[in-house]
Amino acid sequence: MGKTIRFSISIPEELSKKLEGFLKKKGYRNRSEAFRDFIRASLVEEEWKDSRGEVVGVLSIVYDHHMGALSEKITEIEHSYLGCVISSLHIHLDEDHCLEAIVLKGKKERVQKVSDEIISTKGVILGKLLAASTGKDLV
Ligand code: NI
């Protein structure tokens, strides 16, 4: 890690109060750690927007496993994006519902495409792609 620099910022008092409330609620011990996280989150967002290279994402889905052959359909989609689907974790939430966390890595368009395909599969109740990062450009 490179050297750390210090700088000060100016924000309206009202915004500062809201920030303090937010930091307390989220459990931040100091503003610096929060700002490091804010900056990294913005950089990851930009990484995804501009990326022509590799991105990493985690797709979480919830579905009713009684619905058709949904598990098989999802597995089939995952197999058709070989190399892009890195890993998946399956959790039986209750008698009916399953949660899957699918780790995706590859070109942004491919990661987005497999994600959209899975989310739009009939029977998937909830689906959300979390834009993660390879971490290469983050400090
Ligand atoms: Ni299950």
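Visitor: What should I know before I start?

Guide: The model is predicted, so local features need pLDDT of at least 70, side-chain atom pairs count only at pLDDT 80 or more, and totals for chains, interfaces and linings use all residues. Residues are numbered from 1 along each chain as its sequence is written, and side-chain values use heavy atoms, with hydrogens and water left out.

Visitor: How many aromatic pairs are there?

Guide: A pair of aromatic rings is described by the distance of the centres and the angle of the planes. Rings of Phe, Tyr and Trp (its six-membered ring) pair if their centres lie within 6.5 Å; planes under 30 degrees apart are stacked, over 60 edge-to-face, and the rest tilted. By that rule the count here is 2. F22 and F38 make a tilted pair, 6.0 Å centre to centre with 45 degrees between the planes. This pair links distant parts of the chain, with F22 in helix α1 (residues 13-26) and F38 in helix α2 (residues 31-50). Helices are DSSP runs of H or I with at least four residues, strands are E runs of at least two, and both are numbered from the N terminus.

Visitor: Why is the pair of F35 and F38 called edge-to-face?

Guide: Because their planes stand at 75 degrees, with the centres 5.4 Å apart. Both sit in helix α2, 3 residues apart, about one turn of the helix. Ring pairs join F22, F35 and F38 into a cluster.

Visitor: Which residues hold the nickel ion's protein donors?

Guide: Donors are N, O and S atoms within 2.8 Å of the metal (3.2 Å for Na, K and Ca); water is not among the atoms, so sites may look incomplete. Here they are H90 (NE2), H92 (ND1) and C98 (SG), lying 2.1 to 2.4 Å from the nickel ion. Their spacing in sequence is H-x1-H-x5-C.

Visitor: Are H92 and C98 buried or exposed?

Guide: Buried means under 20% relative accessible area, exposed over 50%, and partly exposed in between (1.4 Å probe, protein chains only). H92 is exposed at 64%, while C98 counts as buried at 3%.

Visitor: What is E100 doing without a salt bridge?

Guide: A salt bridge needs a side-chain nitrogen of Lys or Arg within 4 Å of a carboxyl oxygen of Asp or Glu. E100, in strand β3 (residues 97-107), is buried, and the nearest side chain of opposite charge, K73, is 13 Å away. Lys and Arg count as positive and Asp and Glu as negative; His and the chain ends are not counted.
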